[in-house]
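This briefing is meant to be read with the sequence and the coordinates open side by side. It begins with individual charged pairs and then widens to helices, a sheet and the chain as a whole.

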Amino acid sequence: MAPNPMNMNMNLNVKKQSPSTTTSIAASSSQEILVRETLRISANLASSPLLETPPLQSSSTLICCEEIDGRRWKYVAETDASGRFKKNSFRPLSLQTPQAPLDELMAFVRSYVVPEGFPDSVTPSYVPYMTWRALKHFFGGAMGVFTTQTLLSSVGVSRNKATPGAVAINWILKDGAGRVGKMLFARQGKKFDYDLKQLRFAGDLLMELGAGVELATAAVPHLFLPLACAANVVKNVAAVTSTSTRTPIYKAFAKGENIGDVTAKGECVGNIADLLGTGLSIMIAKRNPSLVTTFSLLSCGYILSSYREVKSVVLHTLNCARFSVAVESFLKTGRVPTLQEGNLNENIFSFPWKDRPVVIGSRIKEAFQDPSTYVAIEPLFDREKYMVTYNPSKDKVYAVLKDQAKSDDILKAAFHAHVLLSFIKSSNESKVSSWKQSDDLNSNLLLTVADLEACIADSCKMVANSYGLFKNKANEQGWTMSESLLNPGRARLYQHDNR
């Protein structure tokens, strides 16, 4: 049988396609194997833990570590094959994560407003003091905009009511008067140390008074020169008071030798608050508010902030006001108040020019009405460097200091004077209760010479037994007893040969 041509062609075609088909099948099988191997390797990598990166490369060497404000760094250096350090390979590596932008901003602000090492570098009273000080400067800056605007309006700058030459002369005279007042008040000297809280608050009150006088020029612009001069004198006196009492207050906050840092940061806080108050006042002034109402509100805020600022200061020394608080507490309760209690109960309104019931270092003619009283009580103080007495006509206790009196003698004289004052008040109260039906009763003339001598003798006995205890308890509470800031007078009693 003859072969079929069609079948022969089909066989040939099959034979021709077999190599290509085999090649494609092999390629497809290789791709599947490659995919499976890739998936297997990926699964192994995902399931196996990653090796931790060593803290240092094999060629890096840890040199040292340091700490800056709680953040730690390590210093490393690269080494070559011989073990020598490579040039310029010494570098720091941070051990903490980078700070957040807000934290970096707060750190930047803190570097300007708080001393280094805060809060360990200052006393706890620093924060409330600076808070109230910032508020005071805020209100002061706000008031400055209105007072300056009023002065310029009154002098004629804004309304062109005066020539530039007259305006300049008036302004120069105003500033010159202020400088004269500053020089005259500077002679007060030591009083800024005796009663710095009282004078600081009085200076802020004077600053408000000066601002009020400046605002008054708007009502009477023709009296600009005398009113502006008076206001500038008052404000410069207040500036002297503020400057003179600033350093002792900052010194009370400093722990160690950082008084310069504390002062610089305190002034920075005041300037920032002043700028904020000025900016707010400028925005308020554009709306033309009531000058009297605005000034009254700002003044109340300024005075309140000033009072709280001064009350927050904690001083370790004893002036007249704090000494009175300490002695009265000791006589009533037998304990000396803490530094915080003594400063908190101090009378800020007890200004140096105000009459006080106890006078230290007075003259003889002020302390004694007649020589008989002096002669009668002199033997009681032979061993002391002072004498204390009571003048019924002035209703005051006087401590006369002898020429050998030192700091501790002045403290003891002040303590004795307060003890005598307490005895006299008790004696007067007892007699008032028994004689309250009498119509001609005079509280200043209740004590006779004999009663006065008895009170002084009893006070001498009590002082001899209790002054040492008072000193010890005061030292335990942290009061500085070695320095006397009681503002004693300059008169001294000295002995002469011919009596």
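In this predicted model, Glu 67 and Arg 72 form a salt bridge in which the closest N and O atoms are 3.8 Å apart. Arg 72 is partly exposed, its relative accessible area being 48%.

**Salt bridges**

- A search of the whole structure finds 17 salt bridges, and the pair Glu 67 and Arg 72 is one that meets the criterion of a side-chain nitrogen within 4 Å of a carboxyl oxygen.
- Glu 214 forms a salt bridge with Lys 235, with 3.3 Å between the closest N and O atoms; because Glu 214 belongs to helix α6 (residues 196-216) and Lys 235 to helix α7 (residues 224-253), the pair ties together parts that are 21 residues apart in sequence.
- The two partners are placed as follows: Glu 214 counts as buried at 4% relative accessibility, whereas Lys 235, at 21%, counts as partly exposed.
- Glu 384 and Lys 412 also form a salt bridge, their closest N and O atoms being 3.2 Å apart; Glu 384 lies in the loop between α13 (371-377) and β6, and Lys 412 lies in helix α14 (residues 407-434), so this pair ties together parts that are 28 residues apart in sequence.
- Here Glu 384 counts as partly exposed at 23% relative accessibility, while Lys 412 counts as buried at 19%, a value that falls under the 20% limit for buried residues.
- A network of salt bridges links Arg 133, Lys 136, Arg 200, Asp 204, Arg 246, Glu 267 and Glu 309.

- Helix α8 (residues 259-285) has 27 residues and reaches 38 Å from its first C-alpha to its last, which is close to the 39 Å expected at 1.5 Å a residue.
- The buried residues of α8 pack against α2, α3 and α7; among the residues of α8 that are buried are Val 262, Gly 266, Val 269, Ala 273, Gly 277, Ser 281 and Ala 285.
- As a general point for reading such a list, an α-helix has 3.6 residues a turn, so residues three or four places apart point the same way.
- Helix α10 (residues 320-333) has 14 residues, which at 1.5 Å a residue should span 20 Å, and its end C-alpha atoms are 20 Å apart, in agreement with that expectation.
- The buried residues of α10 include Cys 320, Ala 321, Arg 322, Phe 323, Val 325 and Phe 330, and the helix is followed by Gly 334, whose phi is positive, near 80 degrees.

**A buried loop residue**

- Ser 121 lies in the loop between α2 (101-113) and α3 (126-155), and at 11% relative accessibility Ser 121 counts as buried.
- Leaving aside residues up to four places away in sequence, Ser 121 touches Pro 115, Glu 116, Phe 253, Ala 254, Lys 255 and Asn 258.

**The three-stranded sheet**

- An open sheet is formed by 3 strands in the order β5-β7-β6, with mixed pairing; β5 (358-360) and β6 (386-391) stand at the edges with a single partner strand each, so one side of each is left without a neighbour in the sheet.
- From one strand to the next, the twist averages 20 degrees.
- β5 pairs with strand β7 (residues 396-401) in the parallel sense over 3 bridges, and Val 359 stands opposite Tyr 398 in β7.

**Chain overview and confidence**

- The protein chain contains 15 helices and 8 strands, and buried residues make up 36% of its 499 residues.
- Of the contacts in the protein chain with a separation of 6 or more, 71% are between residues 24 or more positions apart.
- The protein chain averages a pLDDT of 81, and 77% of the residues score at least 70; over residues 1-23, however, the pLDDT is below 50, and this stretch has 1 contact in the model beyond near neighbours in sequence.
- Over residues 48-58 the pLDDT likewise stays under 50, and the model has 6 contacts for them beyond four places in sequence.
- Where pLDDT is low, the predicted coordinates should not be read in detail.

Technical notes:
Residues numbered from 1 in each chain as written. Heavy atoms only, no water. pLDDT = per-residue confidence, 0-100. Contact = heavy atoms within 4.5 Å. Pairing = 2+ DSSP bridges. Helix = DSSP H or I, 4+ residues; strand = E, 2+ residues; numbered from the N terminus. Axes fitted to C-alpha atoms, helices over the stretch in contact; angles between N-to-C directions. Buried < 20%, exposed > 50% of the residue type's maximum accessible area, 1.4 Å probe, protein only. Expected span 1.5 Å × (residues − 1).
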